Amino acid sequence: MANVVVVGAQWGDEGKGKIVDWLSERADVIARFQGGHNAGHTLVIDGKVYKLNALPSGVVRGGKLSVIGNGVVLDPWHLVAEIEQIRELGVTISPETLMIAENTPLILPIHGELDRAREAAVGVARIGTTGRGIGPAYEDKVGRRSIRVADLADRETLERRVDRALAHHDALRRGLGLEPVDRAALIAQLLEIAPAILEYAAPVWKVLGEKRRAGKRILFEGAQGALLDIDFGTYPFVTSSNVIAGQAATGTGIGPGAIDFVLGIVKAYTTRVGEGPFPTELDDADGKRLGERGHEFGTVTGRKRRCGWFDAVLVRQTCATSGVNGIALTKLDVLDGFETLRICVGYELDGKRLDYLPTAADQQARCVPVYEEMPGWSASTEGARRWADLPAEAIKYVRRVEELIDCPVALLSTSPERDDTILVTDPFAD
């Protein structure tokens, strides 16, 4: 059976939640492989809205195993609260339906405090993080001072891990004018939350291997978008983990040979939250219209998203770095009613034409988009479920996107409802 990786191919907020939910009906296991609870997925199912941050999107589907992989950094207190919120909506969550990798690093309260203090201290040089401690938690992982899920099971081990972490954090806190960490209180908090987390702990790498050998379909779910990747994104205005498809293997322990299809989620225009370069950003009436029609506000933060025309250069680039086999084009309906549409097909930098976004931040800031114009359409695409339901101009727009990004459309989404989806190529097809 085919195993599918889903990644965002822009700056996040592409509609991954709906697509993962739609695909999860065909999957047996849904595994989250990176990010933290700074990433939000909104699902609309039979008119009921589910907002997920830490939980994989598959939890709202009965009979599926949802997995939080070791590539994730996990806030245990947030997870417990989120589980309760989802249960109140009628969803059953138990150790039979949810597993957490034993080697998953934890986000502690000190990580959020450090995150927010840094952002406040740097002023105009801020990155624009959500302040939830994701970056500092990843730093501790790389610095070999993380507290991981398995550490919660043994007090002696936990205390050693806390001491190692605090030797680093208390020094940082002094420099930022923060009080030293209350060691006893932190240990008490961790011991209190431990039973609620440990009941879901499992050797995920082993379980996924067994599922694969049994012929089960695995859906790997990424958070955020490839342009926020720590290596290939618009650095330093990026997240603190690898977002591209290769992370699905290291973030779950299943190995790259298990990946059969990479699906890139792509919005029919472009949005971004927070700081950083954005070549096609619009500060005019068209940008405002895209934001209003697309309800472009962050699921987690509520921050207004910056909006702009579709950037084929960037999407072609992310399709290459993630090895995307096909894209799911979302929010096509937001473009309904525009008389003229524009697509970025290249950049001008200091008099030279480029077909990629350069790595250097100063060069990124000077890139001027080169546009191609296409006629829009007046008819509605909202809710379309067949190609025949789309206006001719909309089909031409989709086909031109395929040509420019050098990647075919596998799915086309025309509303937040899961069934308003046109299937072109089934990613799970053998």
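Which residue just after helix 7 takes a positive phi? Gly215 does, with a phi of about 80 degrees. Here are my notes on that helix and a few other spots.

1. Before we start: this is a predicted model, where local features need pLDDT of at least 70 and side-chain atom pairs count only at pLDDT 80 or more, while totals for chains, interfaces and linings use all residues. Residues are numbered from 1 along each chain as its sequence is written, and side-chain values use heavy atoms, with hydrogens and water left out.

2. Let's look at helix 7 itself, residues 204-213. Helices (H or I, at least four residues) and strands (E, at least two) are DSSP runs, numbered from the N terminus. Val204, Val207, Leu208 and Gly209 are buried in this helix; buried means under 20% relative accessible area, exposed over 50%, and partly exposed in between, using a 1.4 Å probe and protein chains only. An α-helix has 3.6 residues a turn, so residues three or four places apart point the same way. The cover over the buried residues includes strand 2 (29-32), strand 5 (65-68), strand 6 (98-101), strand 7 (201-202) and strand 8.

3. Zoom in on Leu208, which has a relative accessible area of 0% and is therefore buried. Leaving out residues up to four places away in sequence, Leu208 touches Val29, Val67, Ile218, Phe220, Thr252 and Ile254, where contact means heavy atoms within 4.5 Å.

4. Two strands pair if DSSP finds at least two bridges between them. Strand 7 runs parallel to strand 6, with 2 bridges linking the pair, and Ala201 in strand 7 is the bridge partner of Ile100.

5. The loop between strand 8 (218-221) and helix 8 (247-250) is worth a look, as Pro236 lies there. A cis peptide bond, with omega about 10 degrees, joins Tyr235 to Pro236. Gln224 is in that loop too, and has a positive phi of about 60 degrees despite not being a glycine.

6. Is Gln224 buried or exposed? Its relative accessibility is 10%, so Gln224 counts as buried. Asp406, another non-glycine with a positive phi of about 60 degrees, sits in the loop between helix 12 (392-405) and strand 17 (409-413). At 67% relative accessibility, Asp406 counts as exposed.
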